[in-house]
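Got a minute to go through a few labels and where they come from? Here is the model to look at while we talk.

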Amino acid sequence: MKKQTKYPIRHRDLNWLSFNDRVLQEAKDSSNPLYERLKFISIFSSNLDEFFRVRVSQLRQIKKVKKKLRKKLALRPNKILKEILLKVNEQQEELGAIFYESIVPELKENGIQLLSYEELIENYNEEAQSYFKDHIEELIEPITIKATTDSGVFLENSELYFLVTFMSEHHYGIVNIPSDKLKRFIPLKVKDGTHVIAFIDDIVKSQLQTLFQKQDVLRAYAIKLSRDAELYLEQEVDVDQTLADQIYESLSQRLNGQPTRLLYDSTLPKEVRKNLRKSLGLGKIDMVAGGNYHNFDDFIKFPDLTNNKSLKAKKLDPIEHRSLHGTKDYFKVIKEKDQLVHFPYMSFDYVQNLINQAATDQDVLEIKISLYRVADHSALTDALLLALENGKKLTVFIEAKARFDEENNIKWGRIFEEKGAHVIYSYPKIKVHSKVLLILREEKGKVQRYAYIGTGNFNAQTSKFYCDHGLFTAHNKITKELHRVFKVLQGDMIIPRAKNLLISPFTTRSSFEELIRNEIDAAIAGKPCGITAKMNQLEDEKMIKLLYKASQSGVPIRLIVRGFSRLIPGLNKISEHIYMTSIVDQFLEHGRIYKFHNNGAPLMYTGSADWMTRNLDRRIEVLTPIYDEDIFNELDDILNIQLSDNVKARVHTINEDNTMVHNQEKEIRSQFEIYSYLLKKHY
């Protein structure tokens, strides 16, 4: 029996940290405007918090599996956790250096002084005391605990606290910092033309003695606890209780979930740290040293007091789509020819306008839409409600398990239900991640279908900073199969027959595997071949092994993967024909495009699915082929621009050191090149 080749793959969580390194690179890059650098600091911090709440919490669950079984399954959570903490510690140190040695001085150079605690006490103590009395004091809930015997101390998830030490070593104080109710950054005054800003943390710290009048306050150390973000639902849903109801009732679990990380000021004394760990019921591996300020994601709201436009990224005016902009009849335009929109370069209004027209068009019979992350309130939700007011049949699939958006999604589902919509919620063991819309309209006695298939959510706010693509089409082969997808969601069909759309978990994996094998066959036969793909994450082992085989057969493979990737490119005799880059820039790259040479008749797909096991096997995903020649060329041009990026692209190497691409004479910053390209095309 032939021994199966063992292919090398990366650990997804360790490689995810490499992605967050790329975000940190943007925070460090002094060529970025100052507020852009603050934005990337915020993104880095937010990413890391979610990583601990989701991924690290899952590793902790693996630790509960019996050691014998873990060994059999080759699971090594302790080893991985140690590697994660080592890397995170390095990143935290780099973040501190970027912030204190670069960001803070640059703020001051531009008329903004972000005070240190020492500067606040020395020069602005009176202002701090006044602000504390007027705004903060009533929101503070100080508690005193015994240093060695108290247990069961509860810290809210991701909220900021001070651990206060006293001259008496028998007690500690815990003080909440109300940054969830007040602004984190407090403008105190303008001095000599400079805007003086203090952390709310430091204003609270300056008044600790007034909060603990019976104790002699010694020092205060910033602490923050992250909790498990998973909702541990019952395996079987009660007959009288929908999954949405169970999810809604379980949301409080997330606030009270198992601790996954205590971030503490690294100057916290060892003995105090030990006592705090016991009081919170934590293990040593749950303790992560940090700086004297936490929750740097708050920098996304750092006040803009100077109105200096050079400190912010240049805003791009939305491009007017040459066919859709200004039209009063979207149906006519889409029926004549497929149309493609690109966010954030174009306005999300085009999607909302189509639904709005459908809501008021007397010939529209029904609107069907899947919603993964619903905006709190938008023109899109207004248009759907208007459709109901006008007597249109509305079917809405709400993904109640979209992490961190469950409550808002369920809220909107109930609103639609109350107004008469047919609302379908999550299935117990599968997520609906597709971003699809179908409109049924009566035309000349027949039902005409119009569709929208996108790579991003139906969310006007995220469309302003997520790079996505959306296809409007009336193509019968596409709309007919999309109708079958909705029948599956409605429970009227078990398997949607599809020869054109790629639909997970039914046909996507097998179709991609067949397309890759076709390229392998072409390479073996000495024919031209090639695979080009852009996605957010590359994780599925079977797909990776097939890509390795394609590389070994001589298929040139060019990948753009924004986030983590388990595939290792450039390995001798394994992946030497695979070249992979990642783009991190002003906007979040979120679109998926897959292109295959296909013996000279190239095929291209776009839609909601990455090459991750969950996207291929455990989610409802839809990818559409691009049949319109003009749109094919447009997406191909955009893909080629991104492949040529040498300003914001990093190379995925064997060492995964995020080396920047610098190998052409002309600088190509793809996001701005794409904007210019689309501006000319739609002029």
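This is a predicted model: local features need pLDDT of at least 70, side-chain atom pairs count only at pLDDT 80 or more; totals for chains, interfaces and linings use all residues.

Q: Why is E83 called partly exposed?
A: E83 has 30% relative accessibility. That value falls between the 20% and 50% cut-offs, so E83 counts as partly exposed. You'll find E83 in helix α4, residues 77-109.

Q: How far is E83 from K431, in sequence and in space?
A: They sit 348 residues apart in sequence and 31 Å apart in space, C-alpha to C-alpha.

Q: How do you know that the span of helix α16 agrees with what it should be?
A: Take 1.5 Å a residue: the 17 residues of α16 (508-524) should then span 24 Å, and the end C-alpha atoms are 25 Å apart, so the two agree. Among the buried residues of α16 are F512, L515, I516 and E519. After α16 comes G526, with a positive phi near 80°.

Q: What makes β2 and β9 edge strands?
A: The open sheet has six strands, ordered β2-β4-β3-β7-β8-β9, with mixed pairing. Both β2 (143-146) and β9 (287-290) pair on one side only, which puts them at the edges. From one strand to the next, the twist averages 30°.

Q: What makes β3 and β4 a pair?
A: Pairing takes at least two bridges, and β3 (160-166) and β4 (171-177) have six, in the antiparallel sense. F162 stands opposite V175 in β4.

How values were computed:
Residues are numbered from 1 along each chain as its sequence is written. Side-chain values use heavy atoms; hydrogens and water are left out. Helices (H or I, at least four residues) and strands (E, at least two) are DSSP runs, numbered from the N terminus. The expected span of a helix is 1.5 Å times one less than its number of residues. Buried means under 20% relative accessible area, exposed over 50%, partly exposed in between (1.4 Å probe, protein chains only). Axes are lines fitted to C-alpha atoms, for helices over the stretch in contact, and angles run from 0 to 180 degrees between N-to-C directions.
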